[in-house]
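Subject: A structure for you to look at

Hello,

Here is the structure I promised to pass on to you. Please open it beside this email and follow along as you read.

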Amino acid sequence: MTEYREADFSRLKTVPVAKRPNKVDASLLAKPPLPSDRSFTAFLDALPSILAAQDLRYVIDQIVAAAGKRAVVAMLGGHVIKVGLGPLLIALLRKRALSVIAMNGSAAIHDFELAAYGGTSEDVAAGLGDGTFGMAEETGREMNAALARGAKNGLGAGEALAEYLRARKDLPGRDASVLVACAELELPVTVHATIGAEIIHQHPSADGAAIGATSHRDFKRLAGALPDLDDGGVVLNLGSAVVMPEVFLKALTIARNLNGGRPTRFTACDCDMQRHYRPRVNVVERPTLLAWSVLSRLDA
């Protein structure tokens, strides 16, 4: 028979609760809404001052403080645009609460389609069945034409796509386009391609040299914008999964290599919908929702 030994609980040492440091006390708890004030500011103030809610307040404070003074970089994945958050980003751009937009290729495609054709986001499963997924003629033809023209004229991918859209008179989704807004507000927008991962790369008009040249120029431009994060800027990873954190890591290395180890002392916030290793480590840990709160503070 196996012989078991049990810990002697009678010998345990306890401590007085009055001497124990507590992370939570009554002053940090959530507050019920007041009938006299149902504003968004009141809602935010009513959140508990603990963990994620307190982190949210901190990031809001940093963006408000940086607006118009230091760089606030938003790195976007495709879902941010296709689920309808473009108008919020545009409002933040107009307030200079965002100063640089860096998109992955998917975000650029959804933004371009919304602007040019008034709709985006096809049924992937249905398209895979008959081989039509990603085969939209106009999307591939026009975006690839814009990138080819951009490569010829020394533009980055974001600038090339934005200027192509701006030149069109018939844009049903002009007011919802982050690309167009950046061009009109004269704020940088960069697009970072992943060859073979974006539907325009499977179009007959795709030119790998043009895609590579314009995207590489945007990599240089993002690296050139990051020094303005120094001493109070903010970088946000908004649903961009793996691509933008990897691009940011290299761009930050370049910026620091060329600027004596700067930028430093900036806030990095990962708002991806899944807690991936790379967004957490590359965006937040290695270098050191939101829109309504920031806008309400800036409008106050």
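This is a predicted model: local features need pLDDT of at least 70, side-chain atom pairs count only at pLDDT 80 or more; totals for chains, interfaces and linings use all residues.

A cavity here is a set of points, on a 1 Å grid over the protein atoms alone, where a 1.4 Å probe fits but cannot get out.

Residues are numbered from 1 along each chain as its sequence is written, and side-chain values use heavy atoms, leaving out hydrogens and water.

Which residues lie nearest the centre of the largest cavity? They are Leu147, Val191, Ala193, Glu198 and Ile200, out of 15 lining residues (a lining residue has an atom within 4 Å of a point). By class, the lining has 10 nonpolar, four polar and one charged. Nonpolar means Ala, Val, Leu, Ile, Met, Phe, Trp, Tyr, Cys and Pro; charged means Asp, Glu, Lys and Arg; the others, Gly among them, are polar. Helices α5, α7, α8 (157-167) and α10 each supply at least two residues of this lining. Helices (H or I, at least four residues) and strands (E, at least two) are DSSP runs, numbered from the N terminus.

Now for how these helices pack. α5 (residues 105-117) and α7 (residues 137-152) have axes 11 Å apart, at an angle of about 105°, which makes α5 roughly perpendicular to α7. Axes are lines fitted to C-alpha atoms, for helices over the stretch in contact, and angles run from 0 to 180 degrees between N-to-C directions. Angles of 65 to 115 degrees count as roughly perpendicular, and those under 35 as roughly parallel. In this contact (heavy atoms within 4.5 Å), Ala108, Ile109, Phe112, Glu113 and Tyr117 of α5 meet Glu138, Thr139, Glu142 and Met143 of α7.

α7 also packs against α10 (residues 208-225), at about 65° and with axes 8 Å apart, so α7 is roughly perpendicular to α10. Among the residues making that contact are Leu147 and Ala148 of α7 and Ile211 of α10.

How do α5 and α8 cross, and how close do their axes come? The angle is roughly 5° and the axes come within 11 Å, so these two helices are roughly parallel. Ala108, Phe112, Ala115 and Ala116 in α5 touch Leu161, Tyr164 and Leu165 in α8. That contact has seven nonpolar residues, with no polar and no charged ones.

Two spots in the loops to finish. A cis peptide bond, with omega about 20°, joins Arg262 and Pro263, and Pro263 sits in the loop between α11 (243-258) and β5 (267-270). Asp231, in the loop between α10 and β4 (234-238), has a positive phi of about 60° although it is not a glycine.

Happy exploring!

Conventions: Angles under 35 degrees count as roughly parallel, over 145 as roughly antiparallel, 65 to 115 as roughly perpendicular and the rest as oblique. On a 1 Å grid over the protein atoms alone, a cavity is a set of points where a 1.4 Å probe fits but cannot get out, and a pocket is an open set with protein on both sides within 12 Å along at least five of seven lines; lining residues have an atom within 4 Å of a point.
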